Amino acid sequence: MAGAPTPSLLDQPVTALAGAGPVTAARLAERGLESVRDLLDFLPLGYQDFRALYPLSALAGLPEGQMVVVRAVVRRARPFFRRLLDVYLEQDGVQVRARWFRPNAGMVKTYAKGNLVALAGSLRRAKDGTVELIQPRNVTALMAGQAGEKSGLGLRPRYPVVEKVPGRVIEKLVTTAVEQAAGLVPDVLPAGVAKRLGLPSIADSLRQVHQPDASLSDEKLAELLAGQAPAQRRLAFEDLFVVQVGLALERDRARRAAGWRCDVDGEEVLASARAALPFVLTSGQERAIRALFADLTSATPMQRLLQGDVGSGKTAVAFAAALLVGRSGGQSLLMAPTEVLAEQHGRTLAAWGGKAGLRVGVLHAGLDARERRSVLGAVATGDIDLLVGTHALLEQSLRVARLGLAIVDEQHRFGVRQRAALRRAGGWIPDEKTGMVPHLLVLSATPIPRSLALTAYGDLELTTLDESPPGRQIVATHLGVGEAARREALAAVKAVVAAGGQGFVVCPAIIEQKQGRSGRRASALSRFRELGPLLAPTRVGLLHGQMSSAEQQEVVAAFRAGKIDVLVATTVLEVGVDVPRASIIVIEDAERFGLAQLHQLRGRVGRAGQESSCFLLTGAQNSEILDRLTFVAETSDGFRIAEEDLRRRGPGEIYGERQTGVVGLWLRNPTGVAGLVEKARREAEVLFAADPALASPESSPLRQAVEARWLRRRPIAEEAG
Ligand code: ADP
Ligand code: MG
C-alpha cells in the first residue's frame, strides 16, 4: 500500500533475516518465534565459557568441570561399535582423551589420524587422575578464522532447544537479529526509572544478554551465570514493571467503579447456605464467608484471593458468595481450568443450589450447539444465577444480564490476563446498563509468598482458609525407587480395590515418548493397557486431556459411580477432581511433576476422611531428585511445599505466566526477586500517580507494552496431559 509506513524490522517475520528460509521459519513459529522481535526476546538459558584456549599440558592442573577449548592433532581414534568413540589428541608430547557416547558414523572420518581439530567441552578427571573431555563440541570450523592462540570462542549463549532447528542456526539468527534490530527496540522504562535504579538501556541489555562481552571478569561472569547481571536485572525488571503498571490500572479502574451492592441480610443467607450444605461449615469457612459478605454488601467491587490448601473446602465458601449475590438479584460466573472440574462443580453446586433456590448452569466447549444456545439464552435473560464453566466463559458471545460476581477457581492454572478478561470479556466491564464492575473472587490452593503475591495477585486482598474440615487424615506417602517399588505399589492398589476402595495411577504423559538417554517415561496409554490384565479383576479406566469432553465426563461419571475401580490418568486429575471414595494414588515418574503439583495430586485421595496412601514412584537415582521427592513424602503442609517448590523451580507456574530464559533464571532467586518486585510496584505507583492515563509521549511504548500484555487473549495454560 502506497503511503503506509514501513513496518519496523522488529515486526517483520524472521524470514526478513539472512539465514531463515520458510522451513526454518515454520519450525521457529511452532515455538512461538515468529517475528524478529521474538528472536530478541528468546533469551539464553545459560552460557558456556569458551574463552580460554588451553595447551593440553595445562589441563591436568585445572579443576573438574572447567570449560576449555583445545586445539591439537589427532593421534588415534578408537570407535567401540556405535556406542563409544575415544579420540586421543596430542600436543607437545602430551596426550589427552576425548570421549563421545553414541557417535555418528561420520565422526570417525572427522577424527582421522593427523587432523588438526579444535574441541570445546568440560573437563572430567578419571579415577587414575588423568583428565579427559567428555562429549565435547567440535569447534574446528568456528576456530578456523581465529588468529593467535589466545583468541578463544568467547562466551557462548545456550538457547532453549527448538525442535528440528540446530542450535548453531538459532545462535546465528539471534546474532543477526541483535546486530540489525536491537537498536530499534523501544525503551519501555521511563528514563527516570532506569536512571534511579541504574539499569542499562534495553538495546544494551539485549546485546549483553545475547552476546556477552568476552572480557568479563570472573566476578561479572558469575553474576551473569546466576542471572544477576545488570542487563538481566533490567529485563526482569521491565517484565515485572509492565505487570505492575497493568495492575495499577486495574486497581484504579476497580476503585473508581461501582460494585454490585448486595442489599440483603448476610446472616439470613448464611443460614440458608448452612441448611443447603451436606456438612457443617468449619469456623475457618464461616470466617471467610463473613469476610466475603462484608465486601459484597459494600459499594466497592471486591477483589479477593481465597487461598487454602487442597481439600480445605473453598468451593463451599464460593457457593455462599454466589448465593448472596443471587439473593440480591445478581448473577455469578465461576471459571475452572478443566472441563472435568467444571462439570464436577456444576454438579455439586447445582445440588447445593437446588436446596437454596440458586439456579446453576454449566458452559464448556463440550456442549453441543443446542445446549450451548440454551445456556447462553438463560444467562442473558437472568434465568441462571450461577454459571460454571471453563475458559469458554471468556467467549464474546456470552452476555450476562446482571453480573455481580466473577469467581476464578484454581487460579494458578490461569494467567493474570485471563482473570482480567473474565471480568471484562463480552463487554462486562463496566456493565453497559448499570455501569457496575462485578466483584472478583479468586480461589487458589497454591499458597504464594508475599513477594509473588504482589506480582501475580497484586490487586487482591487475601483471605486464608487455614484449617481443613474435621476428620481429615494425612495421606501416608511412600517414595519408591525402581521396579520392585512399583510392584509393591500396584499390590497396594489391588489390596485397596479388593477391600472395596478406589484409586488412581497418574502418569506424566499420554503416550510413550522416547527420551534419549534418560529412557522412557510412563505413559497413561501404555499403563492403561498393561494394568487391565495385571490387576484383574480390577476394572481400570483411562482419563486424559486429549479425550473428547464427552468421553472424559463418561469416565469420571463411571468412576464416581463405582463402575471403575482404578483410573489411569494424566494431570487432568490435578485440579479439583473430588471422588470421596478414592483412597490410593500412585504417581509414576514422580520427578516429572512439580512439588506443588504432587501435593495437589495427593489431595485427590482421602477426601472422606478415610485412611489413604500415595506412592511416589521414580526410576531416578539422582540425589537432587530423591531429595525433592522425600521432601513431599515427609511434608503435608501445602504452604511449605509451595515455598520449597518456588525455591527450587522458580515461580513461573505460580506467577501464572510462563517465565523463560533469563527472566526465569533471575526469578529463580526468590529473595532477590522480592526486592525487585517491590521496586517495580513502587515505581509503577509513582508513574501512575503522575500520569494515570499513560498519556505522555514518553509513556507511549509502556502503554503499548501494557496493552499487549494485558489485553491479548491467550488460551489458558494447556494441560500437561
Ligand atoms: P478445595 O479447597 O480443595 O477446593 P473442596 O471445596 O473441593 O476443597 O472440598 C473438599 C472436600 O471437602 C469436598 O468433598 C467437600 O464436600 C468437603 N468439605 C468441604 N467443607 C467441608 C466441611 N466443612 N466439612 C466436611 N466436609 C467438607
Ligand atoms: Mg477446589
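## The six-stranded sheet

In this predicted model, an open sheet of 6 strands runs in the order β17-β22-β21-β18-β20-β19, with parallel pairing. Strands are DSSP runs (E, at least two residues), numbered from the N terminus, as are helices (H or I, at least four). Two strands pair if DSSP finds at least two bridges between them. β17 (476–481) and β19 stand at the edges. Each has a single partner strand, so one side of each lacks a neighbour in the sheet. Neighbouring strands are turned by 20° against each other on average, direction ignored.

β18 and β20 pair in the parallel sense over 4 bridges. G503 stands opposite V566 in β20.

## Helices on the sheet

α20 packs on the sheet and touches β18, β19, β20 and β21. Its direction makes about 145° with that of β19. Helix α21 (residues 595–602) also packs on the sheet, touching β17, β18, β21 and β22 (613–618). The direction of α21 makes about 150° with that of β21. Axes here are lines fitted to C-alpha atoms, for helices over the stretch in contact; angles run from 0 to 180 degrees between N-to-C directions. Contact means heavy atoms within 4.5 Å.

## Helix α20 in detail

Helix α20 covers residues 549–560. At 1.5 Å a residue, its 12 residues should span 16 Å, and the end C-alpha atoms are 16 Å apart, which agrees. The expected span is 1.5 Å times one less than the number of residues. Just after α20, G562 takes a positive phi of about 80°.

The buried residues of α20 are S549, Q552, Q553, V555, V556, A558 and F559. Buried means under 20% relative accessible area (1.4 Å probe, protein chains only). Their cover includes α14 (339–356), β18 (502–506), β19 (540–543), β20 (566–569) and β21 (582–587).

## Helix α8

In helix α8 (residues 202–210), the buried residues are I202, A203, S205, L206, V209 and H210. They cover an arc of only 165° around the axis, which puts them on the same side of α8. The arc is that of the directions from the helix axis to the C-beta atoms.

## Confidence and conventions

Mean pLDDT (the predictor's confidence in each residue, from 0 to 100) is 83 for the protein chain, and 85% of residues reach 70 or more. Over residues 425–429, pLDDT stays under 50; the model has 21 contacts for them beyond four places in sequence. Residues 711–721 also stay under 50, with 34 such contacts. Where pLDDT is low, the predicted coordinates should not be read in detail.

Residues are numbered from 1 along each chain as its sequence is written; chains are lettered from A and ligands numbered from 1 in the order written. Local features need pLDDT of at least 70 and side-chain atom pairs 80 or more, while totals for chains, interfaces and linings use all residues; side-chain values use heavy atoms, without hydrogens and water.

Notes:
Buried < 20%, exposed > 50% of the residue type's maximum accessible area, 1.4 Å probe, protein only.
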